[in-house]
Amino acid sequence: MKSFKRVFSRQAIAALALGCATLASAAELKIGFVNTDRIFKEASTAKAAQSKLEQEFSRREREVEALAGQLKSASEKFEKDAPTLSESQRGTRQRQLVELDREFQRKRREFQEDLAQRKNEELQIVLERANRVIKQVAESEKYDLIMQEAVYVNPRLDITDKVLSGLNNAK
């Protein structure tokens, strides 16, 4: 029983020493944090990408909105005229409304899918540039670890402003 206590106490001392060594080395770590959401909102490259997307998709967006307006007015006209229409006229107009709605849904879905794909492509470019700047900051200021996602970050660790500055100054 005494040898068990000696072995256990030696292991406890070793674990305590290891824990103290780990804490000592952790005190030497230089850690930073980058808020990716702020990068996507505030970086000039992100703003340029957003502007590019708006120009690229504005015509299609107007077309989809016009089709929505056309569908709404056709539906309202049908509702108003329905009591005076014959059965065959009512059926024809209903089919036309269904077809118009189908076309609207298809165009809206295609628009949203294309916009989402292009947005992801543009954000990926911004993220790649930001990662290069983050790496430059890490190397020049000797950071051991830079995180981009965390539940809580002490504001003194936040280097987002440095990264934004590097992104906005790099062309």
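**Exercise 1: the pocket lining**

In this predicted model, the lining of the largest pocket splits into four nonpolar, two polar and three charged residues. Task: work out which residues line the largest pocket.

Solution. Start with the names: Gln-50, Leu-53, Glu-54, Phe-57, Ser-58, Glu-61, Phe-111, Leu-115 and Lys-119. Next, sort them by helix: H3 and H4 each give at least two residues to the lining, and H3 has the largest share, with six.

**Exercise 2: the aromatic pair**

Solution. Check the distance first: the ring centres of Phe-57 and Phe-111 are 6.0 Å apart, and the cut-off for a pair is within 6.5 Å. Now the angle: the planes sit at 75°, and over 60 degrees counts as edge-to-face, so this pair is edge-to-face. Last, look at burial, where the cut-off is under 20% relative accessible area: Phe-57 comes in at 6% and Phe-111 at 9%, so Phe-57 is buried and so is Phe-111.

**Exercise 3: along H4**

Task: find how far helix H4 reaches from its first C-alpha to its last.

Solution. H4 runs over residues 87-140, which makes 54 residues. Its reach is 78 Å, close to the expected 80 Å. Just past H4, look for Lys-142, which has a positive phi of about 60°.

Note on methods. Residues numbered from 1 in each chain as written. Predicted model: local features only at pLDDT ≥ 70, side-chain atom pairs only at ≥ 80, totals over all residues. Heavy atoms only, no water. Helix = DSSP H or I, 4+ residues; strand = E, 2+ residues; numbered from the N terminus. Expected span 1.5 Å × (residues − 1). Phe/Tyr/Trp six-rings, centres within 6.5 Å; stacked < 30°, edge-to-face > 60°. Buried < 20%, exposed > 50% of the residue type's maximum accessible area, 1.4 Å probe, protein only. 1 Å grid on protein atoms, 1.4 Å probe; cavity = no way out; pocket = protein on both sides within 12 Å on 5 of 7 lines; lining within 4 Å. Nonpolar A, V, L, I, M, F, W, Y, C, P; charged D, E, K, R; others polar.
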